[in-house]
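Open the model in your viewer and keep the selection tool at hand. We will go stop by stop.

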Amino acid sequence: MSDHEQLARDLHEEIKAAGDEATLEAVRVSALGKKGRISQLMKSLGSMDPEQRKIMGPALNGLKNDIQAAISERQKALYAAALDARLQTEKLDVTLPLPPSAQQMGRIHPVSQVMDEIAAIFGDMGLSIAEGPDIEDDFHNFTALNIPAEHPARQMHDTFYFNEREDGSRLVLRTHTSPVQIRTMMSGPPPHRIVAPGRTYRCDSDQTHTPMFHQIEGLVIDKETHIGHLKWVLEEFCKAFFEVDSVKMRFRPSHFPFTEPSFEMDIGCARLGNEIRIGEGEDWLEILGCGMVHPSVLRNVDIDPDVYQGFAFGMGIDRLAMLKYGIPDLRAFFEADLRWLRHYGFVPLDIPTLHGGLSR
Ligand code: PHE
């Protein structure tokens, strides 16, 4: 028997004997690899005389193809056998409960929850969400809102000022969300119907004040928008937000430079020890400031006050969250304590809607 016939036999034996893919691969390398047995034989073709090469060339090529085919055949068989073995041993019980996902473990902060609830309520009334920057200039935060320099309201706001710029002006951290009124009215012609939730800043810190807090601003400007609309919007808001059938409301005259007339709105409540219940009782609780947008403010943004009028309101979101969810301490909002968040937080996919329920 010639060398290559013997080799073919040996290789077929080895391929048959290979019990796993690694062993089979070793056989392949030892036969067809660079220094493999078939490759060595092929190299010897060069030193053969032409007659011999004519016979051996095709014979060796045949051997190579034959062995390659045998290996891939065996490979398929081994793969199928390995898969079978895995399927026999590995089992997955699809009826087992899933481990909790991030969406189940994570919690939505009460402030975010309340912002979403408020957005759902006002969205349902046809107001859209507007936003403005936390870092404001004097014009948007004060001047355009009818709060000129030297106006005492500037001191009342305990403003955080940035360093003076070259032209002597100073940026501020917005002290309220009212500058978004200005940005909205300057962004295009009336009518305007927006709410603007966001962060606000005042240099003030005690049990009921934090230097950063949250407000939501409302603004509606149209030709015939009047105080009746303002009262209706706020009443519907309070009923929806506190999830009660009726609320008592009281408008006290107040003063804001950017509204005329201006009011503070109280809602009826009952105080039982530490607890406050909305929608019952004889006590009052102040929840927001509002009024009809001052004609000077309209003029500042090029709106003709003889044609257009409207109302604005602003309220503290943190306080609303505390009231609605019975959270006693404001400072805990900003401590990033996961235990607190687990206790007061909300499940991420329970998105507040009016039809599905704001809070569950
Ligand atoms: N910006 C006022 C505040 O921060 C609230 C307010 C907004 C009042 C809009 C009237 C109208 O206290």
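Select Phe334. Its relative accessibility is 34%, so Phe334 counts as partly exposed. This is a predicted model. Phe333 is buried, with a relative accessible area of 4%. The rings of Phe333 and Phe334 form a tilted aromatic pair.

The structure holds 11 aromatic pairs. Select Tyr325 and Phe346 for another of them. This pair is edge-to-face, at 4.8 Å centre to centre and 65 degrees between the planes. Tyr325 belongs to helix H12, while Phe346 sits in the segment after H13, so the pair ties together parts 21 residues apart in sequence. Phe346 is buried, at 13% relative accessible area.

Next, select Phe122, Phe237, Phe241, Phe242, Phe311 and Phe313 together. Ring pairs link these six names into a cluster. Lys324 lies over the face of Phe241, 4.6 Å from the ring centre. Which ring does the charged end of Lys248 sit over? Select Trp284 to see: the charged end of Lys248 is 5.2 Å from the centre of that ring.

Now turn to the backbone. Most residues other than glycine have a negative phi, and most peptide bonds are trans. The next stops depart from that pattern.

Select Ala336. Its phi is near 55 degrees, a positive value in a residue other than glycine. Ala336 lies in the loop between helix H12 (317–325) and helix H13 (338–344). Ala336 counts as exposed because its relative accessibility is 74%.

Go to Glu150. Here phi is positive too, at about 75 degrees, and Glu150 is not a glycine. Look for Glu150 in the loop between helix H7 (138–141) and helix H8 (152–156). With 73% relative accessibility, Glu150 counts as exposed.

Select Pro190 and Pro191. A cis peptide bond joins them, with omega about 5 degrees. Pro191 is in the loop between helix H9 (179–186) and strand S4 (192–201).

Then select Glu260 and Pro261. The peptide bond between Glu260 and Pro261 is cis, with omega about -5 degrees. Pro261 lies in strand S7 (residues 259–272).

Last, zoom out and colour by domain. The domain assignment gives domain 1 (3–89) and domain 2 (108–344). How many Å separate the centres of domain 1 and domain 2? Taken over C-alpha atoms, the separation is 81 Å.

Key:
Residues are numbered from 1 along each chain as its sequence is written. This is a predicted model: local features need pLDDT of at least 70, side-chain atom pairs count only at pLDDT 80 or more; totals for chains, interfaces and linings use all residues. Side-chain values use heavy atoms; hydrogens and water are left out. Helices (H or I, at least four residues) and strands (E, at least two) are DSSP runs, numbered from the N terminus. Buried means under 20% relative accessible area, exposed over 50%, partly exposed in between (1.4 Å probe, protein chains only). Domain bounds come from an automatic or database domain assignment. Rings of Phe, Tyr and Trp (its six-membered ring) pair if their centres lie within 6.5 Å; planes under 30 degrees apart count as stacked, over 60 as edge-to-face and the rest as tilted. A charge sits over a ring if NZ of Lys or CZ of Arg is within 6 Å of the ring centre and within 35 degrees of the ring normal.
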